[in-house]
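Subject: Handover of a structure with two ligands

Dear colleague,

Please find below the structure for your review.

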Amino acid sequence: MTKQKQQSDLMNLTRRGFIKATSAVGSTAALASSISLPFKSSSANAAEPKANDEKVVWSACTVNCGSRCPLRMHVQNGEIKYVETDDTGDDEFGNSPQVRACLRGRSMRRRVYNPDRLKYPMKRVGKRGEGKFKRISWEEAYDEIADTMKRLIKDYGNDSIYLNYGTGTLGGTVTKSWPPASTLVARLMNLCGGYLNHYGDYSTAQIAEGLHHTYGGWALNNSFSDLANTKLTIQFGNNPAETRMSGGGLIHHYVESKNISNAKTIVIDPRYTDTAGGREDQWIPIRPSTDAALVAGLAHVLITEDLVDQTFLDKYCVGYDEKTLPASALKHSDYKSYILGRGEDGVEKTPAWASKITGIPVDTIVKLGREMGASKPCAIYQGWGLQRTSNGELASRAIAMLSLLTGSVGVQGGSTGARESGLSIPFVRFPTVPNPVPTSISMFLWTDAIHRHHEMTAKTDGVRGAERLANPIKMIWNYAGNCLINQHAEINRTHNILQDDKACEMIVVVDNHMTSSAKYADIILPDLTTSEQDDWAMDAYASNAPYFIFAQKAIEPQFEAKGIYEMCSEIAKRMGVGQEFTEGRTQEEWVEHLYAETRKQDPSLPTFEEMKKRGIYKRQYEHDFIAYEDFRKDPEANPLTTPSGKIEIYSETLANIAKEWELKEDEVIHPLPIYVDSIEGHKDPLTAKYPLQLTGFHYKARCHSTYGNVAEIKAVARQEVWINPIDAEERGIKNGDMVAIYNDRGEVHIPAKVTPRILPRVVALGEGAWYSPDGQKVDHAGSINVLTTQRPSPLAKGNPQHSNLVQIKAVKKV
Ligand SMILES: Nc1nc2c(c(=O)[nH]1)N[C@H]1C(S)=C(S)[C@@H](COP(=O)(O)OP(=O)(O)OC[C@H]3O[C@@H](n4cnc5c(=O)[nH]c(N)nc54)[C@H](O)[C@@H]3O)O[C@H]1N2
Ligand SMILES: Nc1nc2c(c(=O)[nH]1)N[C@H]1C(S)=C(S)[C@@H](COP(=O)(O)OP(=O)(O)OC[C@H]3O[C@@H](n4cnc5c(=O)[nH]c(N)nc54)[C@H](O)[C@@H]3O)O[C@H]1N2
Ligand code: SF4
Ligand SMILES: [Mo]
């Protein structure tokens with residue numbers, strides 16, 4: 001294994017699709033013996049037992065915010081009284097920083113004891129979504145689920161059963177809810193013949209597919225710790241101050257590394273974000289979905305002023321100019337020709353052209369292009385906001401062009417243009433069983449697979465593993481997810497599809513709380529929280545300082561809640577695969593067994609007994625992670641996994657897909673990372689009716705919808721729609737006024753935050769608020785998915801949930 005491959009395995013082991021988390025058992029075994037990166041492991045204080053009967057138990061917050069924090073539960077008389085966080089180590093940057101939980105994690109008590117807590121198994125009695133249920137016993141629930149599964153498998157086949165996306169306990173190991181293929185529900189289903197799989201995720205569908213064609217597989221970037229070595233940092237649509245929020249998380253590495261290099265930092269975002277928030281040198285507001293046009297304008301400056309790294313482009317890339325185009329490509333279909341106006345559109349991508357589209361002044365574009373040219377290599381990163389759009393595949397590929405033109409890939413202080421990467425500690429995961437069903441749909445198209453599966457083929461809807469969908473979805477497992485309603489786009493459409501309980505016949509929701517998704521269940525199974533069971537917690541993005549946590553049972557299970565391991569074991573028994581499922585172990589025995597397997601590969605880790613005391617294990621790598629370092633050093637010996645082995649600016653694969661797939665007139669798949677106007681973008685004719693671009697963002701008030709029912713957090717970070725004073729004044733809206741946001745898909749009422757922190761003609765709403773409709777289907781919580789569309793992006797068939805056109809008006813007080 002090359003060192004580069006080894007490093008990329010290390011960091012991706014547990015997160016993104018192309019290197020499969022599900023095969024981690026084998027690869028960790030191979031890895032642990034061959035890790036050559038030097039690291040220091042931390043010392044830790046054992047949690048001191050307190051006086052009286054108070055005990056302090058290490059637990060964790062395992063939600064999907066990208067961080068992962070230890071929580072120290074102070075328990076008295078079997079009740080969590082208060083919550084503290086990591087207090088171990090010296091808390092020096094670069095030497096065991098404390099992994100301090102954010103306000104959300106510190107309010108965990110309020111989730112555990114929340115009035116919304118699901119108390120016992122329930123069965124629907126009203127219509128789906130009405131929220132009317134009757135209490136049933138666990139035996140009844142298990143029997144009904146197993147009987148229905150047997151019937152549906154017999155009548156339709158295993159591919160009629162679907163595991164919905166859910167990330168509520170992504171950070172767990174036994175309880176891990178994402179990716180669905182690595183969950184205990186998948187283990188259960190695979191032992192019973194399999195289920196309809198999905199590919200992609202709501203987080204990264206467009207960038208994962210887009211940059212896969214550029215770099216091959218999941219695209220890596222340097223770790224944030226490498227910002228200490230750079231001269232210029234540009235963050236496109238990346239807001240770690242909110243999205244990587246904990247003390248152990250990336251905002252810490254971002255801030256501390258920037259303090260070392262003092263590199264100029266530019267934030268490009270339609271909003272003045274918390275990441276900018278006084279730490280930036282320049283905020284360049286950009287019209288949503290136009291980043292690829294900005295890139296083209298910058299490329300024009302770099303090319304015409306002779307600032308590109310031609311040697312790098314010739315040696316490592318395909319299709320920058322005619323010289324490196326594949327034989328199958330047409331003349332002038334290279335990137336340079338596209339920029340200089342010699343390509344098929346004949347348009348020169350001057351800064352003036354880019355300025356018109358992006359709303360950024362010409363001078364700013366020219367100056368930025370020159371700055372980049374003078375600061376090579378530079379650190380160019382993108383978050384995932386700009387790819388969660390209808391042209392997100394092209395936009396994410398375009399940003400990578402800046403790293404390529406400046407020859408920044410594979411070196412210190414450089415970048416690839418993807419999102420920041422990091423290192424993780426190899427850990428043996430719950431063994432999965434292969435899925436015998438080969439068919440897979442985009443995670444975004446499950447609603448379509450319920451009601452129009454017969455139309456869905458490889459070329460129309462991106463079905464993979466089969467030419468077409470043979471069966472509709474008849475049953476959904478929804479474990480630790482709120483994508484059944486709240487987090488999936490276009491809530492009113494989903495509602496209508498789910499109303500027909502002859503179409504999808506059975507929905508099982510496993511959750512802690514009565515969420516909007518739980519209201520659409522046929523059977524609800526109340527799950528334990530992290531505080532009520534033992535598990536390993538990990539998978540944080542932690543730059544070069546990864547860690548894992550032994551989260552232990554702090555309190556007894558509340559009410560009648562049971563854990564996912566017990567639920568799946570009981571159903572497995574009824575399906576005739578009980579022994580295969582448990583292999584004779586209890587949950588506690590699995591927890592110990594997985595660690596014993598991990599320690600076999602890495603004996604330097606603390607013993608199980610010691611982990612019980614110390615709760616957290618941290619590792620500090622002395623190296624930053626430099627993406628594609630070995631490829632840069634020797635591209636012949638260490639080729640990329642693209643078809644050419646090089647970085648593909650022009651992708652022959654995409655040229656073929658563009659020819660073969662059936663696309664709508666306004667959909668573009670292109671071999672080059674070109675700019676195209678987005679659907680529901682600023683030039684869409686629909687702007688005549690709905691003139692405002694509504695973009696979403698991941699908000700500090702919640703992790704998606706999780707923690708959305710904690711009143712204290714709601715009060716400190718209120719749900720409001722951001723609107724520029726110019727747009728507010730035109731509509732007679734003042735700060736704090738109640739407004740209606742609406743389009744043809746629905747209507748939301750929420751107070752306005754009138755602020756110059758957002759571009760005119762653009763409005764923004766934090767995603768994840770708990771959908772609260774009135775009798776007229778008007779939402780009063782600010783749930784953005786009432787307004788988003790289920791029309792997928794062209795290539796990834798992903799979720800364009802940040803591409804929406806709306807109108808806003810003041811709501812008259814009555
Ligand atoms: N408009 C719009 N929509 C979006 C996004 C956007 O940017 N804009 N973002 C998308 C993205 S990136 C993502 S990742 C998805 C996230 O969507 P989801 O994965 O659905 O995330 P959450 O809303 O946090 O839902 C997690 C669920 O898990 C439950 N949960 C928490 N802890 C436990 C536990 O211990 N056991 C069980 N059984 N359940 C538990 C919570 O109560 C909650 O119902 O949303 C997507 N939706
Ligand atoms: N507090 C908190 N943290 C979270 C989450 C959460 O819900 N709450 N969710 C977690 C999850 S699952 C994920 S996937 C990540 C999501 O991480 P991201 O997808 O990176 O987060 P977003 O807030 O959607 O987008 C980042 C920024 O992109 C900007 N943006 C939107 N459109 C454009 C555009 O067209 N161009 C440019 N340049 N910028 C644009 C937004 O204004 C925002 O500031 O966050 C994770 N962290
Ligand atoms: S929400 Fe994220 S940052 Fe906050 S405590 Fe939980 S894991 Fe840590
Ligand atoms: Mo996500």
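**Surroundings of ligand 1**

In this predicted model, a nitrogen atom of ligand 1 lies 2.8 Å from an N or O atom in the side chain of Asp527, which is a polar contact (a pair of N or O atoms within 3.5 Å; within protein, one must be able to donate a hydrogen and the other to accept it, and residues adjacent in sequence count only if both atoms are side-chain atoms). The side chain of His698 places an N or O atom 2.8 Å from an oxygen atom of ligand 1, and a backbone N or O atom of Cys703 is 3.2 Å from an oxygen atom of this ligand. On its own, ligand 1 exposes 920 Å², of which the protein buries 98% (accessible areas by the Shrake-Rupley method with a 1.4 Å probe; for residues, only the protein chains shown count as cover).

Ligand 1 is surrounded by 33 residues, the closest being Thr167, Asn482, Asp511, Ser705 and Thr706 (a residue is near if one of its heavy atoms lies within 4 Å). This shell comprises nine nonpolar, 19 polar and five charged residues (Ala, Val, Leu, Ile, Met, Phe, Trp, Tyr, Cys and Pro count as nonpolar, Asp, Glu, Lys and Arg as charged, and the others, Gly among them, as polar).

A polar backbone atom of Ile268 is 3.1 Å from a nitrogen atom of the ligand, while a backbone N or O atom of Ser289 is 2.8 Å from an oxygen atom of ligand 2.

**Confidence and conventions**

The mean pLDDT (the predictor's confidence in each residue, from 0 to 100) is 93, and 93% of the residues reach 70 or more. Over residues 1-37 the pLDDT is below 50. Where pLDDT is low, the predicted coordinates should not be read in detail.

Residues are numbered from 1 along each chain as its sequence is written, while chains are lettered from A and ligands numbered from 1 in the order in which they are written. Local features need pLDDT of at least 70, side-chain atom pairs count only at pLDDT 80 or more, and totals for chains, interfaces and linings use all residues; side-chain values use heavy atoms, with hydrogens and water left out.

Yours sincerely

Methods:
Contact means heavy atoms within 4.5 Å.
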